Amino acid sequence: MSELILTTYDWVPEPPRGLVRDLRVRWALEEAGLPYRVESTPFRERGPEHFAAQPFGQIPWLTDGDLTIFESGAILLHLAEKSPALMPTDPRGRAEVVEWVIAALNSVDLPSQPWALFRFMGYPGESPEAKFVEDFLKARLERMEAVLAGRAWLVADRFTVADLLMADVLRQVDKFDGLAMYPACHAYVARMTARPAFLTAYDDQMAHFAAGDVA
């Protein structure tokens, strides 16, 4: 097996720490027990090498031998192909994981990210734009509440990368108490983030960025 290298920023300001999306990849790698190492790219100065690996100047990206993969969802699906701990091997299970991964990135994250960013930045909550996002998110959370009220896992009656990603998307909403009216969603996030692999990934990310404070 080729060496897996996760690239993230060398440093970020304190407020987004714990939410930077390399955490999703760290979490998946820990769940799968796949050996990897972490490399850094400058946060403040993003040069040609960065844009060659990630055309939007973001992180993370994963190097797997001669492959370089960007976008956290694409990386997670790549890793899921390597480990049955992340995705079932039967066609139905694989298809259901993929559809829930896409749902997390598209249907749920689409309103979740601007909603969380508005709160992160102290954006006025009474504007028409904020009301639109609030209602959009409410509609998505109501559907997720209905789904999670009837099951512990999204696919195959067990943890998969679909749960990892959905929980991470909902986690940004939960950070700002956005799941207070959705007990099944809140309990789901709590269960997923209590997993040892998540705790290791979270601590490693926090330590990585804290080391950049000294550098």
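Q: Where is P60 in this structure?
A: This is a predicted model. P60 sits in the loop between α2 (48-53) and β3 (61-64).

Q: What kind of peptide bond joins I59 and P60?
A: Start with the general idea. Most residues other than glycine have a negative phi, and most peptide bonds are trans. Now the case here. The bond joining I59 and P60 is cis, with omega at about 5°.

Q: What is phi of D157?
A: D157 has a phi near 55°, again a positive value in a residue other than glycine. D157 also lies in the loop between α5 and α6. Is D157 buried or exposed? D157 is exposed, at 71% relative accessibility.

Q: Which residue just after α1 takes a positive phi?
A: That residue is G33, with a phi of about 70°.

Q: How many residues of α1 are buried?
A: Buried means under 20% relative accessible area. In α1, 10 of its 11 residues are buried, and the helix is mostly covered. Among them are L23, V25, W27 and L29, but also the charged residues D22, R24, R26 and E31.

Q: Which salt bridge does R26 form?
A: R26 pairs with D22, and their closest N and O atoms are 2.6 Å apart. R26 and D22 are both in helix α1, four residues apart, or about one turn of the helix. An α-helix has 3.6 residues a turn, so residues three or four places apart point the same way. Both R26 and D22 are buried.

Q: What is the N to O distance between D168 and R24?
A: The side chains of D168 and R24 form a salt bridge at 2.6 Å, N to O. D168 is in helix α6 and R24 in helix α1, so the pair ties together parts 144 residues apart in sequence. D168 is buried, with a relative accessible area of 5%.

Q: What does the pair of R21 and D109 tie together?
A: R21 and D109 form a salt bridge of 3.1 Å, N to O. R21 lies in the loop between β1 and α1 and D109 in helix α4, so this pair ties together parts 88 residues apart in sequence. R21 is partly exposed, with a relative accessible area of 25%. D109 counts as buried, at 6% relative accessibility.

Q: How many residues are in the largest nonpolar core?
A: In soluble globular proteins, nonpolar side chains tend to be buried together. Here the largest nonpolar core has 55 residues. Those with the most contacts inside this core are W27, L79, W100, L154, M166 and L170. The elements that each supply at least two residues include β1 (4-9), α3 (72-80) and α5 (128-148). A second, separate core has seven residues, including Y9, A53, I59 and F209.

Q: What does M166 touch?
A: Not counting residues up to four places away in sequence, M166 touches W100, A103, A104, V108, M144, L154 and Y188.

Q: Which residues of α7 are buried?
A: The buried residues are A184, C185, Y188, V189, M192 and T193. They lie on the same side of α7, because they cover an arc of only 155° around the axis. The buried residues of α7 pack against α1, α5, α6 and α8.

Definitions and conventions: Residues numbered from 1 in each chain as written. Predicted model: local features only at pLDDT ≥ 70, side-chain atom pairs only at ≥ 80, totals over all residues. Heavy atoms only, no water. Core = buried A, V, L, I, M, F, W, Y, C linked by side-chain atoms within 4.5 Å. Buried < 20%, exposed > 50% of the residue type's maximum accessible area, 1.4 Å probe, protein only. Contact = heavy atoms within 4.5 Å. Arc of directions from axis to C-beta. Salt bridge = Lys/Arg side-chain N within 4 Å of Asp/Glu carboxyl O.
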